[in-house]
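Subject: Structure for your review

Dear colleague,

Please find below the structure that I am handing over to you. My notes on it follow directly after.

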Amino acid sequence: MSQPPVTHQEFTRAFRDTLGMFATGIAVVTTRAANGEAIGLTVNSFNSVSLDPPLIVWSLARHLQSLPVFEACEYYAVNVLSEDQQHLSQLFATRSDEKFAGLDIDEGLYGVPLLRGCCARFECRNTVRHEGGDHLLFLSEVVRFDREDHPPLIFHSGAYRRLARD
Ligand SMILES: Cc1cc2nc3c(=O)[nH]c(=O)nc-3n(C[C@H](O)[C@H](O)[C@H](O)COP(=O)(O)O)c2cc1C
């Protein structure tokens, strides 16, 4: 059966909504610019790739101002948010030069800022990048990681969710 014709806008909306059926965690990717400024943004494109070598992937929208910083940095961190860190997801998903103001952070390898209270943190070497349409894919080697026994924040169908308690 043929599909009714749709505009590009309708296609994009439907594609986005359908992708949103894939439930994910939420992470904040952090690094430092060459001038020492702490940089970070919320992502849900993070995923595991390989155990040996240890590789992860995430993608960054090409229009974002932080693109040149993430392209140039040697190391960055993926901070996987706990369910009580929804405010950090919102903070790091909003354009601002003050995202780290008043936040307690740990100092990671090579000075990369690490968020506290996360359920997992991965410190990564910025090795390989691939073109991915309107995004740039980062395929990176994990050099150090830690985790805490906090439940994760979940994102599904455009909304924040929590895991059901057993
Ligand atoms: C739940 C959620 C997931 C997101 N995932 C991504 C992502 O995977 N890649 C991306 O480039 N932006 C993603 N964003 C959008 C960025 O967080 C947002 O554009 C942010 O403002 C970027 O920071 P900047 O404006 O300071 O550069 C996501 C936002 C939300 C709320």
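Phenylalanine 15 lies in helix 1, which covers residues 8-19. Please keep in mind throughout that this is a predicted model. Together with Val6, Phe11 and Leu19, Phe15 makes a nonpolar surface patch of about 420 Å².

Leaving aside residues up to four places away in sequence, aspartate 146 touches Cys119, Ala120 and Arg121. Between aspartate 146 and tyrosine 76 there are 70 residues in sequence and 14 Å in space, taken from C-alpha to C-alpha.

Finally, I turn to the ligand. Which of the 17 residues around the ligand come nearest? They are Thr42, Ser45, Ala61, Arg95 and Lys99.

- Serine 45: a polar side-chain atom is 2.6 Å from an oxygen atom of the ligand.
- Threonine 42: a polar backbone atom lies 2.8 Å from an oxygen atom of the ligand.
- Alanine 93: a polar backbone atom lies 3.1 Å from an oxygen atom of the ligand.

On its own, the ligand has 640 Å² of accessible area, and the protein covers 81% of that area.

Yours sincerely,

A colleague

Definitions and conventions:
Residues numbered from 1 in each chain as written. Predicted model: local features only at pLDDT ≥ 70, side-chain atom pairs only at ≥ 80, totals over all residues. Heavy atoms only, no water. Patch = residues over 30% accessible without salt bridge, like charges linked within 9 Å, V, L, I, M, F, W, Y side chains within 5 Å. Areas by Shrake-Rupley, 256 points an atom, 1.4 Å probe, with all protein chains shown as cover. Salt bridge = Lys/Arg side-chain N within 4 Å of Asp/Glu carboxyl O. Helix = DSSP H or I, 4+ residues; strand = E, 2+ residues; numbered from the N terminus. Contact = heavy atoms within 4.5 Å. Near = heavy atom within 4 Å. Polar contact = N/O pair within 3.5 Å; in protein donor to acceptor, adjacent residues only side chain to side chain.
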